[in-house]
Amino acid sequence: SIIPLGTMFSWGALRLSSQRHSVLFCGLDHISATVLDLLLLDQKKPDSCIGNIELVAPKRSRGKPKNSYNFPMHFIETPTLKGWSPPQNYDIGVVVSFGFWLPSRLIKKCKYGMINLHPSLLPRYRGASPLHQTLLNGDPVGGVSIMKIEPRAPMDTGPILAQQTVDLSSMTDTLSTLTTTLATRGTELLLEVSMFCEQLHLSLS
């Protein structure tokens, strides 16, 4: 199901991580809240690669985790994140529909860098509202992409690590259904990529 792009690395040559990774999760709208909820559920599995999670999100966020979990949450007002710094270092940053530009100082807080889950087959629908664009255009096939976030790069323009196509031809034509479907497929792909985050960071740095 994984479609690696480019020739910078080979999935077969990568080693599965045997440890859990601490995560800084950025985003809390409807799709990112769904992804966060799924990551927290996976975290309970004995073989999960997800360790402690902290959340940073805009104060205006409309989504929230469906279940009640005890984890640190930071809500910020400024889109430049000026005046806010993560309280610690993390292994990896996960970004889903965050909407704010990420400064280099924040990316450097993540040992293996930051990755972005985007609900489209990049570069298609790069930027805001990919779900709405998918519905408006009546696409029979959609997908999700996992990309590496580069310092000072425009949004959604970093190296693509993996993509997965999703058949939308028989799907109920609603935003809620599309959000749930792509969030679920995206989380599955995100977890697969996260298991190789150390090797991917070394390969792409």
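View 1. With 6 of its 6 residues buried, β1 is largely enclosed by the rest of the structure. Its partner in this view is β2, which runs parallel to β1 and is joined to it by 5 bridges. To find your place, look for His 21, which stands opposite Ile 50 in β2.

**View 2. Helix α1 and its surroundings.** Helix α1 covers residues 30–43, 14 residues in all. From first C-alpha to last it reaches 20 Å, close to the 20 Å expected at 1.5 Å a residue. Of its 14 residues, 10 are buried, so α1 is largely enclosed by the rest of the structure. Among the buried residues are Ile 31, Val 35, Leu 36, Leu 39 and Leu 40, and the list also includes Asp 37 and Asp 42. What lies over them? The cover includes the strands β1 (21–26), β2 (50–58), β4 (92–96) and β5 (114–118), together with the helices α3 (130–136) and α4 (175–194). At the start of the helix, take a look at Asp 29: one of its side-chain oxygens comes to within 3.3 Å of the backbone nitrogen of Ile 31.

**View 3. Strand β6 between two partners.** Strand β6 spans residues 141–148. Because 7 of its 8 residues are buried, β6 is largely enclosed by the rest of the structure. It runs antiparallel to β5, with 4 bridges joining the two, and Ile 115 has Lys 148 of β6 as its bridge partner. Strand β7, residues 160–167, is also antiparallel to β6, and 7 bridges join this pair. Here you can pick out Met 147, which stands opposite Ile 160 in β7.

**View 4. A pair of aromatic rings.** The structure holds 1 aromatic pair. Phe 98 and Phe 100 have ring centres 5.5 Å apart and planes at 65 degrees, so the pair is edge-to-face. The cut-off behind that label is an angle over 60 degrees. Are these two residues buried or exposed? Phe 98 and Phe 100 are both buried.

**View 5. Ser 97 in its loop.** Ser 97 sits in the loop between β4 and α2 (104–107). Its phi is near 50 degrees, a positive value in a residue other than glycine. Ser 97 has a relative accessible area of 37%, so it counts as partly exposed.

View 6. Follow the chain into the loop between β5 and α3, where Pro 123 lies. The peptide bond that joins Leu 122 and Pro 123 is cis, with omega at about 10 degrees.

**View 7. Confidence along the chain.** Mean pLDDT for the protein chain is 80, and 81% of its residues reach 70 or more. Over residues 1–15, however, the pLDDT is below 50. This stretch still has 39 contacts in the model beyond near neighbours in sequence. Where pLDDT is low, the predicted coordinates should not be read in detail.

Key: Residues numbered from 1 in each chain as written. Heavy atoms only, no water. Expected span 1.5 Å × (residues − 1). Buried < 20%, exposed > 50% of the residue type's maximum accessible area, 1.4 Å probe, protein only. Contact = heavy atoms within 4.5 Å. Polar contact = N/O pair within 3.5 Å; in protein donor to acceptor, adjacent residues only side chain to side chain. Phe/Tyr/Trp six-rings, centres within 6.5 Å; stacked < 30°, edge-to-face > 60°. pLDDT = per-residue confidence, 0-100. Pairing = 2+ DSSP bridges.
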